[in-house]
Amino acid sequence: MLCAVVLGALTALAELAFLLVTLPFLGQAGVRATAVRLASLEARRLGIPARELEPRGRELRYLALRVPVGILGGLVVGLLAVGVVTGVRIVWMWSAGETFDGMAPTAPIVLYLGLAGLVLLFLDLSGVAGVYALERRLARRLLGPDPTEALRRRIAELAESRAGIVTAVDAERRRIERDLHDGLQQRLVAMSMLVGRARRGRPELLEQAHEQAQQALAELREVAWRVYPSALDALGLGEALAGVAERASVPVHVRAVPCERLPMAVETVAYFVVSEAVTNAAKHSGAARITVDVYREDSMIIVRVRDDGTGGAVPTGGGLSGLARRVAALDGRFEVDSPAGGPTTVTARLPETEHEVAAQ
């Protein structure tokens with residue numbers, strides 16, 4: 001924070017010079033473009049992500065308003081530096097046996113100067129924090145989206161994500177019913193017929209019935225994992241993704257997963273993103289290797305699945321569009337980069353904290 005305020009004081013002087021020099025040319029496109037770049041640099045200095053900015057043609061106004069705030073920050077930091085230098089000078093002179101402006105280091109004077117120094121230090125640091133907060137508020141107000149328009153956009157996103165959730169749930173139910181009807185049910189019928197024939201005097205069919213039972217059990221376990229992985233509750237995301245890697249038909253390398261538990265909603269969506277992306281890569285891309293990474297970045301949980309297949313994945317396909325709806329339900333972002341010839345990278349950006357997830 002202190003470094004940001006110091007840097008802001010320096011850039012305020014540079015921006016003041018820029019505004020004075022370009023004052024006769026403020027309407028020109030080059031001046032506006034330079035103002036946009038300067039405003040973007042200021043937002044980066046204040047730690048405001050680029051996704052929270054929205055160009056509205058107010059960059060010149062922002063620079064003009066932040067110049068006095070930046071100069072104020074420089075004055076506050078200057079007072080802090082003067083106080084620190086004075087305190088060090090007093091201690092140095094007293095330790096050398098000298099007096100400071102005729103004051104000897106008696107107990108009352110030491111107590112008085114110590115308390116006064118602490119109060120002034122507190123006030124100065126509060127001033128630094130206040131300048132930093134004021135700069136961030138000013139940047140969000142002038143460089144961010146219009147509050148009314150952002151509210152309209154948010155309402156539209158929530159309505160769309162709600163409809164997408166309903167569609168995704170219905171699609172998942174149809175998929176489960178299809179898996180049970182076309183796979184598990186047919187296998188159980190075949191196993192029943194084999195057992196019936198074995199009872200009529202063909203015991204060699206019992207071995208086939210046993211194999212059918214094992215395959216039916218494996219398919220039932222797979223369907224149960226698609227509905228909800230029980231290991232996610234008991235063991236966490238890392239172990240659940242390890243299970244995905246074990247069941248995959250191609251090598252899957254899980255390179256990074258946070259050690260601590262994430263919010264359950266985030267872990268669930270992250271699991272299904274990886275599971276579906278791995279399944280699609282194994283079935284359609286001809287990939288020989290898949291890598292999975294889950295990590296933090298700018299208060300977000302990034303889930304990235306990359307394969308070395310032939311590419312050409314369609315984001316509007318059934319599986320990927322369902323994942324996009326799952327991610328949107330948590331106010332996250334879903335991206336698919338799959339050029340022809342590969343590789344394919346599926347990325348989901350999910351809010352990290354329980355508060356952000358619960359607010360959706």
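Predicted model: local features only at pLDDT ≥ 70, side-chain atom pairs only at ≥ 80, totals over all residues.

Reader: Which residues of α1 are buried?

Author: They are A4, V5, G8, A9, A12, E15, F18 and L19.

Reader: How do you know what helix α1 should span, and what do its end C-alpha atoms say?

Author: The expected span is 1.5 Å times one less than the number of residues. Helix α1 covers residues 2-21, which is 20 residues, so it should span 28 Å. Its end C-alpha atoms are 29 Å apart, and that agrees.

Reader: What makes R66 count as buried or exposed?

Author: Buried means under 20% relative accessible area. R66 has 0%, so it is buried. You'll find R66 in helix α3, residues 59-95.

Reader: Which residues does R66 touch, leaving out those up to four places away in sequence?

Author: R66 touches G8, T11, A12, E15, E42, R45, E135 and L138.

Reader: And L138, why does that one count as buried?

Author: The cut-off is under 20%, and L138 has 18% relative accessibility, so it counts as buried. L138 lies in helix α4. Leaving out residues up to four places away in sequence, L138 touches Y62, L65 and R66.

Reader: On to the strands. What is the order of the strands in the open sheet?

Author: The order of the five strands is β1-β2-β3-β5-β4, and the pairing is mixed.

Reader: Why do you say that β1 and β4 stand at the edges?

Author: Both β1 (252-256) and β4 (333-337) have a single partner strand, so one side of each is left without a neighbour in the sheet. On average, neighbouring strands of this sheet are turned by 15° against each other, direction ignored.

Reader: How do you know that β1 and β2 pair?

Author: Pairing takes at least two bridges. Four bridges join β1 to β2, and these strands run parallel. One of the bridge partners is V292 in β2, which goes with V254.

Reader: What about β2 and β3, in which sense do they pair?

Author: β2 and β3 pair in the antiparallel sense, over eight bridges. V292 turns up again here, standing opposite V305 in β3. The hairpin of β2 and β3 has two residues between the strands, and D298 takes a positive phi near 55° in it.

Reader: How many bridges join β5 to its partners, β3 and β4?

Author: Eight bridges join β3 to β5, while five join β4 to β5. Both pairs run antiparallel. T345 in β5 is the bridge partner of R306, and T345 is also the bridge partner of D337.

Reader: What makes you call β3 largely enclosed by the rest of the structure?

Author: Six of the eight residues of β3 are buried, so the strand is largely enclosed.

Reader: Which nonpolar residues of the largest core touch the most other members?

Author: Of its 34 residues, L237, Y271, V273, V274, I290, V303 and L350 touch the most other members. The elements that give two or more residues to this core are α8 (237-247), α9 (264-285), β2 (290-297), β3 (300-307), α10 (318-329) and β5 (344-351). The largest share, ten residues, comes from α9.

Reader: What does L237 touch, not counting residues up to four places away in sequence?

Author: L237 touches L232, V257, L262, E267, A270, Y271 and V294. There is also a second, separate core of 23 residues, and F18, A35, V77 and A139 are among them.

Note on methods
Residues numbered from 1 in each chain as written. Heavy atoms only, no water. Core = buried A, V, L, I, M, F, W, Y, C linked by side-chain atoms within 4.5 Å. Buried < 20%, exposed > 50% of the residue type's maximum accessible area, 1.4 Å probe, protein only. Contact = heavy atoms within 4.5 Å. Axes fitted to C-alpha atoms, helices over the stretch in contact; angles between N-to-C directions.
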